[in-house]
Amino acid sequence: MKYWRLLASFILAMVLFLFPLSAQAASSSSITRSAGNDELKGKDYSGQNLVGTEFTNVNLENANFSNADLRGGVFNGSVLEGVNLHGADFSNGIAYLARFKGTDLSDTVLTDAMMLRSTFDNVDITGADFTNAILDGQQVKKLCVKASGVNSKTGVDTRESLGCR
């Protein structure tokens with residue numbers, strides 16, 4: 001009896017060693033450049049649940065993410081020119097090397113977001129909540145020039161959340 005247990009354990013170990021299971025993310029969806037850059041331009045994601053979705057090296061020009069749930073989402077190396085993020089929740093998100101130009105970030109929740117090496121040109125941040133968000137110092141100074149309003153969901157003042165003086 002002991003011999004059979006030992007043999008079964010050895011066979012199971014060999015099977016797992018020779019045919020390991022592949023590791024996969026539990027519930028992450030990803031959109032990369034292979035998805036076709038042009039088909040994402042102007043796309044309507046408004047009000048959608050996009051928790052944990054990754055947008056990597058894509059052009060999202062003029063896309064609509066208004067009131068979308070983007071918690072924990074990623075915009076890595078993506079173009080967000082003319083994008084509507086009004087009222088979206090991007091808390092705990094990552095925007096690395098993202099280009100926000102002419103973007104509507106009004107009333108957006110960006111708490112605990114990591115937005116290093118991203119640029120913010122001609123953006124509307126009225127009522128945006130940047131509490132504990134990590135941005136490059138130069139970008140914070142640029143945003144503080146136009147920061148105003150209070151976020152309707154969190155009640156946090158935009159200037160205060162950016163640490164403006």
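A disulfide is a pair of cysteine sulfur atoms within 2.5 Å. By this rule the count here comes to one: Cys144 is joined to Cys164, with an S to S distance of 1.9 Å. The model is predicted. Its chain has 165 residues, arranged in three helices and nine strands. Mean pLDDT is 86.

**Overall fold**

- Along the sequence, the elements follow the pattern α-β-β-β-β-β-β-β-β-β-α-α.
- Of the 165 residues, 38% count as buried.
- The chain exposes about 9400 Å². Carbon and sulfur atoms supply 54% of that area.
- Take the contacts between residues at least 6 apart in sequence: 13% of them join residues at least 24 apart.

**Confidence**

- A pLDDT of at least 70 is reached by 77% of the residues.
- Among the elements, α3 has the highest mean pLDDT, at 98. Strand β1 (residues 30–32) has the lowest, at 53.
- Residues 21–28 have pLDDT below 50. Beyond near neighbours in sequence, this stretch has two contacts in the model.
- Residues 32–36 also stay under 50. For them the model has five contacts beyond four places in sequence.
- Where pLDDT is low, the predicted coordinates should not be read in detail.

- Cys144 lies in helix α2 and Cys164 in the segment after α3, so the link ties together parts that are 20 residues apart in sequence.
- The torsion about the S-S bond is -90°, and the link of Cys144 and Cys164 is left-handed.
- Cys144 has a relative accessible area of 14%, so this residue is buried.
- Cys164 is buried too, because its relative accessible area is 17%.

**Salt bridges**

- The structure holds four salt bridges. Three of them, listed by pair below, are Asp69 with Arg71, Lys153 with Asp107, and Asp121 with Lys142.
- Side chains of opposite charge can pair when their charged atoms come close.
- Asp69 and Arg71: the closest N and O atoms are 2.7 Å apart. Arg71 has 38% relative accessibility and therefore counts as partly exposed.
- Lys153 and Asp107: the closest N and O atoms are 3.7 Å apart. This pair links distant parts of the chain, 46 residues apart. Lys153 sits in the loop between α2 (137–146) and α3 (158–162), while Asp107 sits in the loop between β6 and β7 (114–115).
- Asp121 and Lys142: the closest N and O atoms are 2.7 Å apart. This pair also links distant parts of the chain, with Asp121 in strand β8 (residues 119–121) and Lys142 in helix α2, 21 residues apart.
- Asp121 is partly exposed, with a relative accessible area of 30%. Lys142 counts as partly exposed as well, at 31% relative accessibility.

**Nonpolar surface patch**

- Which residues form a nonpolar patch on the surface? They are Ile94, Tyr96, Leu97, Met114 and Ile134.
- Together these residues have about 410 Å² of accessible area.
- Leu97 is placed in the loop between β5 (94–96) and β6 (99–101).
- Is Leu97 buried or partly exposed? Its relative accessibility is 40%, so Leu97 counts as partly exposed.

**Around Val74**

- Val74 is in strand β3 (residues 74–76).
- Why does Val74 count as buried? Its relative accessibility is 15%, and buried means under 20%.
- Leaving aside neighbours within four places in sequence, Val74 is in contact with Thr53, Glu54, Phe55 and Ile94.
- One of these contacts, Ile94, is also part of the nonpolar surface patch.
- Val74 and Ala98 are 24 residues apart along the chain. Their C-alpha atoms are separated by 9.6 Å.

How values were computed: Residues numbered from 1 in each chain as written. Predicted model: local features only at pLDDT ≥ 70, side-chain atom pairs only at ≥ 80, totals over all residues. Heavy atoms only, no water. Patch = residues over 30% accessible without salt bridge, like charges linked within 9 Å, V, L, I, M, F, W, Y side chains within 5 Å. Areas by Shrake-Rupley, 256 points an atom, 1.4 Å probe, with all protein chains shown as cover. Salt bridge = Lys/Arg side-chain N within 4 Å of Asp/Glu carboxyl O. Helix = DSSP H or I, 4+ residues; strand = E, 2+ residues; numbered from the N terminus. Buried < 20%, exposed > 50% of the residue type's maximum accessible area, 1.4 Å probe, protein only. Contact = heavy atoms within 4.5 Å. pLDDT = per-residue confidence, 0-100.
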